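I opened my notebook to record what I looked up, going from the inside of the fold to its surface. These are my entries, in the order I made them.

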Amino acid sequence: GCGFAAPIIRKANDSVDINYEATAFGDTILIEMMVEKYNGFCFDIHYTMKDSRKGDMIAVAHSEYCFMKDGRVTSLKKSNPSMHEILRTAFERNLM
């Protein structure tokens, strides 16, 4: 295994947030994810879900995570440098 976990952070005013429209059985949904924030310890992901045929927006969501190892928040840069680079690059790409 990778040796760390990334649980969702639930704060009083910033937990998982989602707004959605109804879909029907058989609909194909396109899910796009974007790393909105990353600081080596925590990251935020923004999700958009669209009907793949019509292009209609079905849902928008946001969640926050932190990296933990042995029950403590940890720096991904120190505990897993290759994964840190992947997230850092994804975050920087979203800023362009």
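Entry one, the core. I am working with a predicted model, and I began with its largest nonpolar core, which has 15 residues. Val35, Tyr38, Phe43, Tyr47, Phe67 and Leu87 are the members with the most contacts inside this core. I then looked up where the core comes from, and found that β2, β3 (42-51), β4 (57-66) and α2 (81-95) each supply at least two of its residues. I noted beside this that nonpolar side chains tend to be buried together in soluble globular proteins.

Entry two, the hairpin. I followed β2 into β3 and saw that the two strands run antiparallel and are joined by 9 bridges. They form a hairpin with 3 residues between them, and in the turn glycine 40 has a positive phi of about 95 degrees.

I picked isoleucine 31, which lies in strand β2 (residues 29-38) and has methionine 49 of β3 as its bridge partner. Is isoleucine 31 buried or exposed? Its relative accessible area is 53%, and exposed means over 50%, so I wrote it down as exposed. Together with Ile29 and Met33, Ile31 makes a nonpolar surface patch of about 290 Å².

I counted 0 disulfides in the structure, and cysteine 42 is in none, with the nearest cysteine sulfur, that of cysteine 66, 5.2 Å away.

Terms used: Residues numbered from 1 in each chain as written. Predicted model: local features only at pLDDT ≥ 70, side-chain atom pairs only at ≥ 80, totals over all residues. Heavy atoms only, no water. Patch = residues over 30% accessible without salt bridge, like charges linked within 9 Å, V, L, I, M, F, W, Y side chains within 5 Å. Areas by Shrake-Rupley, 256 points an atom, 1.4 Å probe, with all protein chains shown as cover. Salt bridge = Lys/Arg side-chain N within 4 Å of Asp/Glu carboxyl O. Helix = DSSP H or I, 4+ residues; strand = E, 2+ residues; numbered from the N terminus. Buried < 20%, exposed > 50% of the residue type's maximum accessible area, 1.4 Å probe, protein only. Disulfide = S-S within 2.5 Å. Core = buried A, V, L, I, M, F, W, Y, C linked by side-chain atoms within 4.5 Å. Pairing = 2+ DSSP bridges.
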